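Colleague: Please take a close look at the surroundings of the ligand, and then at some of the charged pairs in the protein. I would like a connected account for a reader who is new to this structure.

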Amino acid sequence: MKGICILGATGSIGVSTLDVVARHPDQYRVVALTANGNIDALYEQCLAHRPEYAVVANENNLEAFKAKLVGSEIADIKVLAGAKALETVATLDTVDSVMAAIVGAAGLLPSLAAAKAGKTVLLANKEALVMSGQIFMQAVKEAGASLLPIDSEHNAIFQCMPAGYTTGQTAKQARRILLTASGGPFRKTPIADLDTVTPDQAVAHPKWDMGRKISVDSATMMNKGLELIEACLLFNMDPDDIQVVIHPQSIIHSMVDYVDGSVLAQMGNPDMRTPIAHAMAWPERFDSGVAPLDIFQVGHMDFEQPDLQRFPCLRLAYEAIKAGGIMPTVLNAANEIAVDAFLNEKVRFTDIAKIIERSMAKFSPVSADTLEKVLQADQDARVAAQNIISEILS
Ligand code: NAD
Ligand code: MG
């Protein structure tokens with residue numbers, strides 16, 4: 001029986017994780033659930049899964065959550081609040097696995113704490129890894145933690161790696177990774193029309209149902225940019241050996257090209273419960289609830305080169321990882337600020353890449369080998385991006 005802590009339980013990944021957990025009560029026990037704002041959902045999840053701890057990350061919501069518990073069946077649940085409490089529950093002795101499913105930089109410290117405590121880290125929160133690459137991978141290695149990718153592409157690549165492979169190593173006979181992308185909702189939209197697309201159009205992803213931030217990232221293809229950096233770190237590969245492939249059907253979730261000419265692909269219906277169940281059961285397998293792939297219904301599959309004119313964010317991610325040092329941290333922070341401004345209808349869709357590019361131009365790739373340097377670069381890049389937004393608005 002394994003104890004699991006789900007950071008970001010009320011999000012898209014969190015909900016899918018609980019769906020998988022509920023299928024395996026003999027193997028997983030929920031120790032802690034965390035949420036930021038959606039306390040109604042957190043309350044319902046606590047009722048259904050009976051964790052020992054519930055964490056309300058945003059302290060402003062604590063009283064409202066406690067009020068819901070009074071007189072309820074779960075009145076005795078341990079309730080914690082604030083950012084530090086996320087680290088507390090991610091490192092409990094009774095926790096074996098931590099699902100890192102908070103969105104954005106807010107997930108870094110608890111995910112890193114889980115790694116340092118030697119937990120099995122099920123990593124969905126790609127921003128945490130992108131912003132702190134070197135120190136995160138170092139922490140995993142030093143603590144002997146297991147780092148298992150939840151991002152569907154990275155989980156697919158992991159599944160295509162040789163027997164006995166663990167993340168952080170370079171698989172010597174693997175010469176290339178083919179990182180697949182759906183191309184998002186604007187793959188065919190005339191480029192001139194991208195100036196006027198709305199947040200609702202941007203979050204309407206053709207293949208995946210996800211949180212709003214990652215949905216916008218998919219529309220700009222910054223999601224693939226972050227995943228490129230994530231893949232370089234997880235699989236210790238050079239960015240030039242990772243080819244992004246647009247595959248609109250989203251049936252192949254990525255491929256590994258070996259020196260003998262074999263190309264291994266992992267396929268399945270686009271449903272995050274597959275990578276979640278894979279990582280939770282690893283090195284075994286168990287049921288995820290995902291319908292079997294109907295290959296006849298799929299019929300055929302297409303592959304295209306990404307267009308970097310249409311998707312400048314992908315170019316910026318290649319530039320950031322090649323420059324190294326703090327540049328991926330800067331890229332990620334500027335992107336979070338720009339996407340937030342777009343979702344709040346302050347800037348245009350096409351401003352997102354401009355804000356990131358202009359933010360990156362203000363930094364040089366100094367080293368990112370301590371947490372202090374990473375957090376400082378993250379903070380400075382947020383300020384730089386905000387200033388650029390103010391200039392755009394004035
Ligand atoms: P979401 O927006 O649906 O959920 C985010 C979760 O994080 C919520 O539980 C929210 O309460 C919590 N949260 C938000 N801000 C917080 C803060 N400041 N402090 C503490 N908690 C906070 O997002 P999602 O789509 O589930 O994505 C989660 C992560 O997984 C992201 O990093 C995303 O890139 C990654 N991911 C998601 C998918 C997917 O299909 N949704 C696929 C691959 C990777
Ligand atoms: Mg992905």
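Modeller: The shell around ligand 1 is made up of 12 nonpolar, seven polar and three charged residues (Ala, Val, Leu, Ile, Met, Phe, Trp, Tyr, Cys and Pro count as nonpolar, Asp, Glu, Lys and Arg as charged, and the others, Gly among them, as polar). This is a predicted model, in which local features need pLDDT of at least 70 and side-chain atom pairs pLDDT 80 or more, while totals for chains, interfaces and linings use all residues. Residues are numbered from 1 along each chain as written, chains are lettered from A and ligands numbered from 1 in written order, and side-chain values use heavy atoms, without hydrogens and water.

In total, 22 residues surround ligand 1, each with a heavy atom within 4 Å of it. The closest are Thr10, Ser12, Asn36, Glu127 and Gly211. Several polar contacts (pairs of N or O atoms within 3.5 Å) can be named. In the side chain of glutamate 127, an N or O atom is 2.6 Å from an oxygen atom of ligand 1. The backbone also takes part: an N or O atom of glycine 211 lies 2.9 Å from a ligand oxygen, and one of glycine 11 lies 3.1 Å from a ligand oxygen. Of the 820 Å² of accessible area that ligand 1 has on its own, the protein covers 85% (Shrake-Rupley method, 1.4 Å probe). The elements that give two or more residues to this shell are α1 and α6 (126-143); helices are DSSP runs of H or I with at least four residues, and strands are E runs of at least two. Because domain 1 (2-149) and domain 2 (150-269 + 276-311) both give residues to the shell, ligand 1 lies between them; the domain bounds come from an automatic or database assignment.

The charged pairs come next. The structure holds 25 salt bridges (a side-chain nitrogen of Lys or Arg within 4 Å of a carboxyl oxygen of Asp or Glu). One of them joins lysine 213 and aspartate 217 at 2.7 Å, N to O. Both residues belong to helix α9 (residues 212-220), four residues apart, about one turn of the helix. Aspartate 217 is buried, at 1% relative accessible area, and lysine 213 is buried too, at 14% (buried is under 20%, exposed over 50%, partly exposed in between, with a 1.4 Å probe and protein chains only).

Note on methods:
A polar contact is a pair of N or O atoms within 3.5 Å; within protein, one must be able to donate a hydrogen and the other to accept it, and residues adjacent in sequence count only if both atoms are side-chain atoms.
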